[in-house]
Amino acid sequence: MRIDIHTHIYFTDFAEHLLGRSALPNVVLKGGEYVTNCSLAFSVASPPGHRDVEAKLRAMDDLGIDLSVLSHGIPGPELLGGDEADDWAARINDFLAGVVEKYPNRFVAWGSIGFGSTARAVAEVDRCIDELGFKGFQIFSNTNQRVLDSPEFMPVYQRIARHGVPVNMHPTTPLNTVGMESSPLVPGMGFIYDTSLGTMRLIRSGLFDDEPGFQLIVPHVGGIIPYLGGRLGASIEGSPYTNQPAKHYLDRLYVDTVAHSLEALDYCYRTMGSDRMLLGTDHPFGDGRHIRLVEELECTTAERDAI
């Protein structure tokens with residue numbers, strides 16, 4: 001069975017809400033296509049299958065995907081701030097729940113979190129699990145330009161951990177875009193660095209010690225972490241922020257397989273192990289190449305099936 005844990009759908013009502021908005025994020029129409037301006041440094045067009053569930057189902061069939069774990073993707077509602085962020089997180093989650101209810105054999109969902117207020121975010125976590133039946137949550141690599149280990153976010157992560165479901169991280173406009181004013185550099189480099197920074201800050205925060213059940217999925221074959229794991233580990237080894245050897249924390253991470261070369265995927269496999277790797281397509285932005293790379297990876301059949 002092929003389960004895709006990195007695949008997106010865009011709530012049209014949310015796009016319409018952003019349409020014509022003067023502040024960022026906002027949406028403009030170009031040639032009948034939604035283009036979302038997430039920040040001054042990054043904009044993203046909405047390709048076919050981004051808003052159309054039927055188109056996504058056809059793509060899943062073409063790619064041999066049996067089950068997709070839907071996430072809303074960029075931009076997240078947290079960029080709106082305050083009550084507006086929490087209101088739209090709830091609306092996005094209701095939309096995702098409706099898709100899952102209509103196609104229960106093809107979709108499950110990651111919940112969205114607005115982070116407008118800690119109390120409302122925690123309450124939405126409970127609702128997503130207890131009422132909507134979601135399987136985990138998506139957070140971004142920073143939350144509206146605040147670092148992930150900001151104290152006001154910790155109760156939210158703790159509540160997720162106590163529900164026993166994972167957190168799936170996705171990149172957003174990086175905290176630092178100096179030198180990346182050209183949009184291609186933001187997804188090409190900035191995304192990867194920002195997710196890695198967010199991951200290491202969560203490790204350094206003590207969250208993994210305080211919540212043994214906290215599960216984190218790092219996108220894009222773990223960002224820079226598999227490749228700089230030794231250096232990163234040395235930087236936190238023996239620090240006052242962690243209680244265990246660095247390897248203890250790095251070994252607890254999961255990664256998806258959204259790589260852009262077989263060499264990168266192979267290195268991730270050799271450093272992280274197949275039991276920490278989860279299939280991802282990045283649909284509708286991925287074209288199936290990520291699946292082909294997993295098929296070409298030199299591993300056992302049992303390991304490939306596990307991925």
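**Figure 1. Cysteines Cys38 and Cys299 in the predicted model.** In this predicted model, Cys38 is buried, its relative accessible area being 7%. Cys299 takes part in no disulfide, since the nearest cysteine sulfur, belonging to Cys268, is 12 Å away, whereas a disulfide requires sulfur atoms within 2.5 Å. Cys299 is likewise buried, with a relative accessible area of 15%, and the count of disulfides comes to zero.

Figure 2. His72 belongs to the loop that runs between β5 (67-71) and α3 (82-102), and its relative accessibility of 1% places it among the buried residues. A polar atom of the His72 side chain lies 3.0 Å from the backbone nitrogen of Phe11. Apart from neighbours within four places in sequence, the residues in contact with His72 are His8, Ile9, Tyr10, Phe11, Phe14, Ile92, Ser112 and Gln138.

**Figure 3. The salt bridge between Asp13 and Arg91.** The closest N and O atoms of Asp13 and Arg91 are 3.7 Å apart, and the two residues form a salt bridge. Because Asp13 lies in helix α1 (residues 12-18) and Arg91 in helix α3, the pair ties together parts that are 78 residues apart in sequence. Asp13 is partly exposed at 37% relative accessibility, and Arg91 is also partly exposed, with a relative accessible area of 40%.

Figure 4. Glu124 and Arg127 form a salt bridge in which the closest N and O atoms are 2.8 Å apart. The two residues are three apart in helix α4 (residues 118-130), which means that about one helical turn separates them. Both ends of this pair are buried, Glu124 at 11% relative accessibility and Arg127 at 19%.

Figure 5. The side chains of Arg201 and Asp149 meet in a salt bridge with an N to O distance of 2.6 Å. This pair links distant parts of the chain, with Arg201 in helix α6 (residues 185-204) and Asp149, 52 residues apart from it, in the loop between β7 (136-140) and α5 (154-163). Arg201 is partly exposed, with a relative accessible area of 26%, whereas Asp149 is buried at 17% relative accessibility. The whole structure holds 13 salt bridges.

Notes. Residues are numbered from 1 along each chain as its sequence is written. This is a predicted model: local features need pLDDT of at least 70, side-chain atom pairs count only at pLDDT 80 or more; totals for chains, interfaces and linings use all residues. Side-chain values use heavy atoms; hydrogens and water are left out. Helices (H or I, at least four residues) and strands (E, at least two) are DSSP runs, numbered from the N terminus. Buried means under 20% relative accessible area, exposed over 50%, partly exposed in between (1.4 Å probe, protein chains only). A polar contact is a pair of N or O atoms within 3.5 Å; within protein, one must be able to donate a hydrogen and the other to accept it, and residues adjacent in sequence count only if both atoms are side-chain atoms. Contact means heavy atoms within 4.5 Å. A salt bridge is a side-chain nitrogen of Lys or Arg within 4 Å of a carboxyl oxygen of Asp or Glu.
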